[in-house]
Amino acid sequence: MATLTIRRLVKSYHPPARAVDDVSLDVASGECVAILGPSGCGKSTLLRCIAGLEEPTAGDILIGDARVNDLPPAERDVAMVFQHYALYPHLTVRDNLEFPLRMRRVRPAARSERITSVARRLELGDLLDRMPGQLSGGQRQRVALGRALVRDPAVFLLDEPLSNLDATLRVQLRADLLALQAALGTTMLYVTHDQAEALTLGHRLVVLDGGRVQQVGTPREVYATPANVFVARFVGTPGMNLFRQGLRLPDGPEGAVQAGIRPEHLALVPPDSGAGNAEVTAVERLGSETLVHVRMAEGGEAIVRVPGLGEFARGDRVGLGFDPVNLRWFDATGRAV
Amino acid sequence: MTSRPGMAWWRLVGPLCGVIAVGGLWHATAVGDRTLRADVAVAAAQGAAGLFSLTVPADRTGAYDGGRLLSNAALLMSAGFWQAGLQVASGATPLLPDTANGAPPAPDVVERLRGGSPWEIGLRPDAGVTAFVPLRDRALQSVRGWVEVWGALPPSRAPLFRMVLAVCVLLALGRTAWLTTTRATTWERRVAAVIPVALMLALGVTSARSLGHTAAQATDVSLMRARRLAEVASVSRRRSVEELARLAPRMRVESADSIDLGRSVRRDRVEGAPEASVAGVLSGGRPIRISMVPYRARLDGVWAELAGWALLLVAGVAFSAWAAGAVSKRARFRGTLTAWGFLAPAATHLLVFSFGPLVFILWLSLHRWGVVGTAHPWVGAANYLSVLGDPGFWHSLGVTALYATYVPVALVLSLGAALLLDRSGWSVRVLRGVLLLPCIASVVAVSLVWQWIYHPEFGVLNALLAVVGIHGPDWLADPRTALAALMFIAIWVHIGFQMIILLAGLQSIPRVYHDAARVDGAGVWQRFRHVTLPLLQPTILFVLVTGTIAAFQVFTVVSVLTQGGPLHATDVAVYRIYREGWELARFGTAGAMSVLLALLLGGVVWLEFKWMGRRVALV
């Protein structure tokens with residue numbers, strides 16, 4: 001395993017617009033970093049630059065101590081799992097797994113040994129002689145993963161590997177990936193737009209928007225203390241509630257113009273007994289919890305997360321309460337104060 | 001149990017097809033029978049007219065002696081072998097009392113006979129088919145009257161059995177039609193479908209047998225009558241074979257080497273073609289032999305028509321049975337019907353212009369078909385054996401195979417061009433267009449341009465070679481270079497089209513496979529070898545197959561530039577087939593060559609599919 005360092009990386013297809021804009025990142029050996037962001041934020045481009053499939057406009061990429069900007073993908077010692085699997089359709093599963101080893105002229109005996117080992121780890125033993133077209137989505141994804149694992153690269157790059165799977169399979173494979181990463185201790189860069197994947201898989205999160213890094217931190221840090229309004233709104237389902245008015249707020253730090261609070265940190269109390277009054281506009285019952293949408297009497301809207309199947313109905317008048325400790329403050333530019 | 005689910009038009013398709021088929025079959029049989037009777041009557045009338053022209057004296061103007069003509073005609077009618085009605089006219093006046101109450105021929109019939117018509121067919125209300133032929137003078141120059149013959153063939157056995165069968169078919173069809181309106185069991189529906197088909201087949205076979213019997217009888221009667229006429233004509237004086245030939249213009253009369261005592265008609269095959277003949281002995285012991293193509297051979301079209309009508313009924317009943325079964329799956333039935341409705345125009349086109357000619361070629365290859373004559377006798381495998389024994393045909397196949405070797409060369413070149421032009425930019429687009437130009441130009445125009453390029457004295461190719469001190473050959477006239485010159489033109493024409501197809505194939509390969517291969521460590525060659533080529537395989541197969549077919553069917557460029565020469569160096573198969581048919585008028589052999597070429601081409605294409613036809617599904 002190796003470290004991965006990115007210094008001021010820029011990728012521009014149509015200058016001056018930048019798909020990746022001045023991104024710097026350090027990934028420690030054995031660390032799994034999840035890159036999270038909305039569609040078109042440049043996360044896949046960043047990954048392709050690291051893999052060598054795109055040439056950066058500026059900046060440096062270092063794997064270990066070596067600058068790899070000028071090396072072709074084959075010499076960077078990275079493996080990549082693609083969103084659409086990219087299994088060679090004319091080769092069997094065994095041949096797909098063997099392909100990277102053949103290209104690197106690994107001896108047949110060693111190839112066979114590696115394939116057997118990976119197939120055992122990923123439970124692909126019964127599928128080795130099948131063609132990719134004969135596999136289900138989950139099986140194809142496991143083969144794609146196997147093709148990345150089989151040559152034991154320094155860095156793993158995963159580009160939304162679970163996005164083509166249904167929800168159940170995604171949860172199962174997410175757990176498998178977590179276990180695999182823990183067992184192998186590989187350096188891994190995982191691109192996704194799914195927060196659950198990012199929060200569960202990543203030791204650290206990198207939130208990207210418009211090609212720029214918005215925040216880097218552990219999932220707890222990113223969730224609890226977002227660096228700006230974008231992160232506050234983007235991370236978490238639903239995102240953080242933001243208030244400029246509508247609630248009686250304590251005085252914030254100097255320069256703070258709006259406050260944010262997570263939906264689970266808001267409480268519904270009897271009218272006139274909290275920091276403000278509101279009217280219920282919608283109720284989403286999710287089973288273990290309920291999301292209550294409210295419109296505040298003084299203007300503004302918020303979402304409150306309550307445990308269980310709360311007894312609320314549209315039109316109910318409620319009060320909103322919170323612990324000031326959970327408030328986060330942002331200045332006029334949207335940065336956390 | 002027999003509740004009626006309601007009538008629908010498709011229930012009537014089967015019975016309607018059946019009624020049309022029975023009517024068609026009956027009509028085809030009647031037409032076949034009438035044609036045979038007309039042929040025999042014409043032969044008899046020609047025989048009588050020929051006899052009169054040989055035996056009746058004429059005056060200096062060439063007009064026959066009316067009294068002698070009348071007496072000769074009366075003698076002929078009373079002869080035991082004649083067995084037919086006869087009328088003869090000198091000028092426009094019938095001479096014999098008309099025993100069949102027939103009216104004299106209409107003026108326009110006489111006029112047509114005078115105008116050169118070899119015969120005219122009419123109908124007598126009481127005697128059926130009647131034939132008129134012109135009575136010419138001794139020199140066979142001007143028309144002096146006419147001869148009419150009817151009843152030249154004994155009436156066929158009463159078609160009572162066939163009528164009963166036809167009625168049975170119609171009744172069975174009625175039952176089938178009724179069953180489609182009820183909720184009949186599968187077993188009942190099957191029986192209702194099988195019975196009319198079986199009865200129709202029986203009717204078809206009986207009709208065919210009846211026609212075959214009439215044809216055999218017609219051949220026998222015609223040959224016997226011709227022999228007796230020849231014997232009668234040569235009683236009073238010795239007649240040459242050429243003179244006797246006017247007694248049977250549609251037969252072959254020849255002197256025989258030895259006397260054949262057999263008096264009956266013999267049936268043989270001569271060079272694969274059927275022949276019926278009879279031997280005779282003229283006065284003075286001269287043996288002759290009279291032969292003809294049996295009338296049966298003229299019934300090929302009728303057999304096909306009978307089979308067609310029977311098939312119509314089978315198709316109709318099958319449709320009806322299927323429709324009755326599918327009535328409970330109405331939506332699916334309607335969907336299928338609609339689909340066929342949409343397919344019908346294309347299917348009809350395919351049937352008429354592809355399948356039809358194919359069947360015709362097969363039929364042609366099994367028959368003798370020349371430009372002269374209407375008889376196309378069945379020759380079985382004779383055409384094929386003749387073609388397979390012809391070294392020229394094998395040579396042309398070899399030339400074609402050699403010519404087709406340009407296909408892989410063109411493929412490699414067009415693949416290279418496609419790989420080079422698989423990028424964006426206006427210059428690349430222009431280059432693609434330029435490469436595509438030859439294949440959208442007329443082949444004849446392209447050939448003429450190359451004729452100039454290859455010209456030994458004024459051609460640009462030799463002019464360029466002269467610049468570097470090489471004296472170029474006469475490319476198209478030298479047997480060593482002619483085929484290569486044509487192959488070069490083919491490569492030049494096809495490369496643009498193949499390049500466009502391969503380019504489309506290249507661009508349909510998802511980029512992600514190349515990305516994956518790059519990350520997996522594959523270099524440029526390895527990506528081409530392990531990713532591009534396998535994923536391009538279906539496109540390459542398409543290009544290879546269409547290219548091979550085009551190569552085996554090459555004609556225009558050969559026809560314009562070399563006409564198969566020099567010294568047969570460019571005598572490709574299709575050009576040889578063309579010459580066999582249209583220059584040597586041997587369409588049967590040309591048909592056999594076409595079938596053999598198609599089989600060979602089918603084999604080559606099958607091998608290509610076998611070799612690289614494994615489907616690749618992009619996942």
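# Briefing on chains A and B

A:Arg7 stands opposite A:Asp60 in strand S4 of chain A. The model is predicted: local features require pLDDT of at least 70 and side-chain atom pairs count only at pLDDT 80 or more, while totals for chains, interfaces and linings use all residues. Residues are numbered from 1 along each chain as its sequence is written, and chains are lettered from A and ligands numbered from 1 in the order in which they are written. Helices (H or I, at least four residues) and strands (E, at least two) are DSSP runs, numbered from the N terminus. Two strands count as paired if DSSP finds at least two bridges between them.

**Four-stranded sheet of chain A**

- The order S2-S1-S4-S5 describes an open sheet of four strands in chain A, with antiparallel pairing.
- Its edge strands are S2 and S5 (66–67), each of which pairs on one side only.
- S1 (residues 4–11) and S2 (residues 20–27) run antiparallel and are joined by five bridges; in this pair A:Ile6 stands opposite A:Leu25 of S2(A).
- S1(A) is also joined by five bridges to S4 (residues 58–63) of chain A, again antiparallel, and this is the pair that holds A:Arg7 and A:Asp60.
- S4(A) and S5(A) run antiparallel with two bridges, and the bridge partner of A:Ile63 in S5(A) is A:Ala66.
- Helix H1 (residues 43–51) of chain A lies across S1, S2 and S4 of that chain and runs at about 65° to S2(A). For such angles, axes are lines fitted to C-alpha atoms, for helices over the stretch in contact, and the values run from 0 to 180 degrees between N-to-C directions.

**Six-stranded sheet of chain A**

- Chain A also has an open sheet of six strands in the order S6-S7-S8-S3-S9-S10, with mixed pairing.
- S6 (78–81) and S10 (212–217) of chain A stand at the edges with a single partner strand each, so one side of each has no neighbour in the sheet.
- From one strand to the next, the twist averages 20°.
- S3 (residues 32–36) and S9 (residues 204–209) of chain A run parallel and are joined by four bridges; A:Val33 has A:Arg204 as its bridge partner in S9(A).

**Backbone exceptions**

- Most residues other than glycine have a negative phi, and most peptide bonds are trans.
- The peptide bond from A:Pro15 to A:Pro16 is cis, with omega near 5°; A:Pro16 is placed in the loop between S1 and S2 of chain A.
- In chain B, the bond from B:Gly565 to B:Pro566 is cis, with omega near -10°. B:Pro566 is in the loop between helix H18 (556–561) and helix H19 (573–583) of chain B.
- B:His568 is found in the loop between H18 and H19 of chain B and has a positive phi, near 60°.
- A:Arg105 has a positive phi too, near 55°, and lies in the loop between helix H2 (93–103) and helix H3 (108–121) of chain A.
- A residue is buried if 20 or more other C-beta atoms lie within 10 Å of its own, exposed if 12 or fewer, and partly exposed in between, with C-beta atoms placed from the backbone.
- A:Arg105 counts as exposed because it has 8 C-beta neighbours inside 10 Å; B:His568 is partly exposed because 16 other C-beta atoms lie within 10 Å.

**Helix H17 of chain B**

- H17(B) spans only 36 Å between its end C-alpha atoms, whereas a straight helix of 29 residues would span 42 Å at 1.5 Å a residue. The expected span is 1.5 Å times one less than the number of residues.
- A kink of about 55° lies at B:Gln537 in H17(B), shortly before the proline B:Pro538. The bend at a residue is the angle between axes fitted to the seven residues ending there and the seven starting there.
- Among the buried residues of H17(B) are B:His530, B:Leu535, B:Leu536, B:Val543 and B:Phe552.
- The buried residues of this helix pack against helix H10 (391–404), helix H11 (406–420), helix H15 (482–507), H16, H19 and helix H20 (587–612) of chain B.

**Contact between the chains**

- The contact takes 22 residues from chain A and 17 residues from chain B; two residues are in contact if their C-beta atoms, placed from the backbone, lie within 7 Å.
- On the side of chain B that touches chain A, helix H16 (511–520) and helix H17 (524–552) each supply at least two residues.
- H16(B) gives the largest share of that side, seven residues.
- By class, that side of chain B has 12 nonpolar, two polar and three charged residues. Here Ala, Val, Leu, Ile, Met, Phe, Trp, Tyr, Cys and Pro count as nonpolar, Asp, Glu, Lys and Arg as charged, and the others, Gly among them, as polar.
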